[in-house]
Amino acid sequence: MIKPVARVDVSPNLPPSLERLRELAYNLRWSWDHETIALFRRLDRDLWEETERNPVWMLGLISQDALQAAAEDEAFIAHLDRVCAEFDAYISRDASTWYKRHHGDFDKPFIAYFSMEYGLTECLRNYSGGLGVLSGDHLKSASDLGLPLVGIGLLYEEGYFHQYLNADGYQQESYPINDKANLPISLVMQDDGQPLVIKVPIADKTAQVYVWRVQVGRIPLYLLDSNHEDNGEGIRDLTDRAYGGDKRTRIRQEILLGIGGIRLLEQLGVRPTVVHMNEGHSVFLGLERIRLLMQENADLNFWEAKDICAAGSVYTIHTPVPAGLERFGFDLIDEHFPYLWEDLGLTRDEFHDLGREEMGGFDLFSMPVMALRLSNTTNGVSQLHGAVSRAMWQWNFPDVPEHEIPIGAVTNGIHIQSWIAGEMASLFDRYLDPAWREEPDNPEIWWDVDRIPDAELWRTHERRRERLVALARRKLQDQLQARGAPQSEIEAAKEVLNPDALTIGFARRFATYKRATLFLRDRERLARLVNDPDRPLQFIFAGKAHPHDHLGKELIKEIVKTAELPEFRHAIVFLENYDISIGRYMTQGADIWLNNPRRPEEASGTSGMKVIYNGGLNASILDGWWAEGYDPSLGWAIGSGEEYDQHEWDLQDFIEAQALYNLLEMDIVPTFYARGRDGLPRDWIGRVKASMRKLSPFFNTYRMVREYAEQYYMPSHQRYVHLTTPDMSRGKEFAGWQAKVRGNWDRVTVERVTVEPQQDLKVGETMTVRAWIDLGALVPEDVSVQLYYGALDSRGQIVAGDTRDMEHCCPEEGGGKKKNVHEFFANLKYVTTGQRGLSVRVMPNHEDLANPLITGLIAWAD
């Protein structure tokens, strides 16, 4: 390689009338606007596909003759004018967005969203899987809603990896370099024309970091890039690959994301009141925010600054699987953070304690644990995942009942416009209220799905299935040719699959808990299904295993080897290098979306949501989102939500495989092929419409992001502003109150409890409960005393009790000088029969406290 003596940036030479194509190309709104995509495709359909639907690269490759012809084409110019008018109306600050209607205007974004990956479009390979795709959809819906939000991430030189299979069907990886000059991203420049460079301390070095901007509709996304010529070995290559390298590389990537991201925002003059940590990878941002607050307010100590910053911190947990939760040895903490614990005024042990978690007899530094301790709100990504997370992290809140662990849930969704087929969107435009695009969470809009003629809905979906089959055939031929397969096998690939057959799609990360090979448990039964001449069934698979996940790679190999057998060759296809484009084809064309994880290890899953809007149906284990979305009228459940211990997994696989085969043989296949005289599967179409009608208003990111805004962002913003405006006095008072409460909590006790009347009650009768609480050095206003009551289990314990606030009556007379006892009371009326129990508890109480349970302080009656 030769070092250049000069660099020249070469940009497209667009005719004046086409100049706005450049602006459209650099705003990723085109990725979810079918009209803009049609405009670029109109320039050169083949080139659009060859460039992976990348308008920036396309404009750099297209011939000047083609550009000039477009400039002289009145129809093309009219199309461009129409697209630009819609773009301008969307981008305009005068646009009536949800945020503007409910909260007014804003000058600068004050919500910072941090994620390790973003899946925005197939040409920007900056994601590895579902977390990234969700992050991308989050930004798109934040744009549609008009939120004052900015995204922060890393720009990977090689993205995740390019998957290909060797002749034995085993996954191999290659790492093509992202050509930044031809991507829809822009290097952030300073006023003097030089690139903006952020300095980030990493161990004994200082990383020089470039910043790239991606415009996602109204939302700016900033990506940090360590590929700076002044960085040495071990630093410059930090952003080469997503989730690449060893633990040292991973912690440095996460330092770059968290600490570097906050320093970038400071450079840009953006001081967020709310930070959203999408998984725990970015949690070091919490320490940098605390450091900056202490630096600006010399009278604040760490614990005070921590309480203030936590008021504006939101943490989302994305997985219950240990491999997805980042933990580091304390040797790496000691290597990278001595400067920081010194700046924060902490000892080494105090710093370690921020993330300390015992794992298998060893203590590790846990990013999720620190995120829990530095946030005021935490949530899972489905209702079931919220419950699983509460059980998983209960040890952090030892005296809190499991169902009250302060971890909520915001169920994931998808950005509809990014995933719906253009033909299906046109169908909705004809029969639904036009507001389905702007207000997809309105249930009334989706009731009009019943107005769509069955024949039109079915033919629209059939066309997408035909395109999926055509794509699968093309890709299979390319795959076989690349593997050096015989020409006869390549030719035979032109006839695999049947465009009219019931098609099952399965596409996701090939982790073992997702059980991609469950359908292979009984191959004789499977062979009968796929070879039925009257009611054929076929499967299309796609997905990547992590480069170090050899068990996941074996699953891929097993599917590929099965697909090579004569009885399955025509009916099972594995598509290599799963990406957004393949995911779009599959979710738009599959009749059934199959998902069979080991419950409860699927936090949410979103691929199955995408088929809702494209005329497909779901057949899934009752895990993740499907546990709350399932209804017998709109899809199928594999099993009944059973959970098994690890030593029972083989039995579980057998039972649930049989359940899957039974569903296929007795319900799914017969329903699909039950046709009327007009050739339409009326019962099937009825399920499709029921699925659209009932699920569409909820499982979208418009609803999801609005939920984050209403329940997490805006309350956190208000708490943080309240504590820091006009100065830190309110924050110091709140932090001082917390310190006082923590320092005196061991003296808070429930002295005694009385219940009147003592005898058994009848339904409708009232009992009065009185409790005498020794508050130690606290006053009644510092605490909340609650009656906790509910049904008893077989061991005489209250299960998932309800609460009622008890009123302060008076201090106890004659309590003695050493005690500060106060009486509290509450009345309780039972409306149902049964054996009931009750208790009394005391918790901290302050108007600036998001949830008293996050303190972990709770005193129960003995």
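**Aromatic pairs and helix packing in a predicted model**

One aromatic cluster is formed by F284, F330, F337, W341, F351 and F365. The model is a predicted one, in which local features need pLDDT of at least 70, side-chain atom pairs count only at pLDDT 80 or more, and totals for chains, interfaces and linings use all residues. Residues are numbered from 1 along each chain as its sequence is written, and side-chain values use heavy atoms, with hydrogens and water left out.

Rings of Phe, Tyr and Trp (its six-membered ring) pair if their centres lie within 6.5 Å; planes under 30 degrees apart count as stacked, over 60 as edge-to-face and the rest as tilted. By this rule, the count is 37 aromatic pairs. F40 and W48 form a stacked pair, with 6.0 Å centre to centre and 0 degrees between the planes. Both F40 and W48 are buried (under 20% relative accessible area, with exposed over 50% and partly exposed in between; 1.4 Å probe, protein chains only). F519 and F539 form a tilted pair, at 4.8 Å centre to centre and 40 degrees between the planes. This pair links distant parts of the chain. F519 sits in the loop between β16 (502–507) and α22 (523–530), and F539 in strand β17 (residues 537–542), 20 residues apart. Helices (H or I, at least four residues) and strands (E, at least two) are DSSP runs, numbered from the N terminus. Both F519 and F539 are buried.

In α22, the buried residues are R525, L526, A527, L529 and V530. They pack against β17, β18 (572–575) and α27 (649–673). Contact here means heavy atoms within 4.5 Å.

Helices α9 (residues 247–267) and α10 (residues 284–296) have axes that come within 8 Å and cross at roughly 40 degrees. Axes are lines fitted to C-alpha atoms, for helices over the stretch in contact, and angles run from 0 to 180 degrees between N-to-C directions. The two helices are therefore oblique to each other (angles under 35 degrees count as roughly parallel, over 145 as roughly antiparallel, 65 to 115 as roughly perpendicular and the rest as oblique). On the α9 side, the contact is made by I251, E254, I255, G258, I259, I262, R263 and E266. On the α10 side, F284, L285, E288, R289, R291 and L292 take part.

S839 lies in strand β28 (residues 836–844). At 15% relative accessibility, S839 counts as buried. Leaving aside neighbours within four places in sequence, S839 is in contact with Q786, L787, Y788, I798, W860 and A861.
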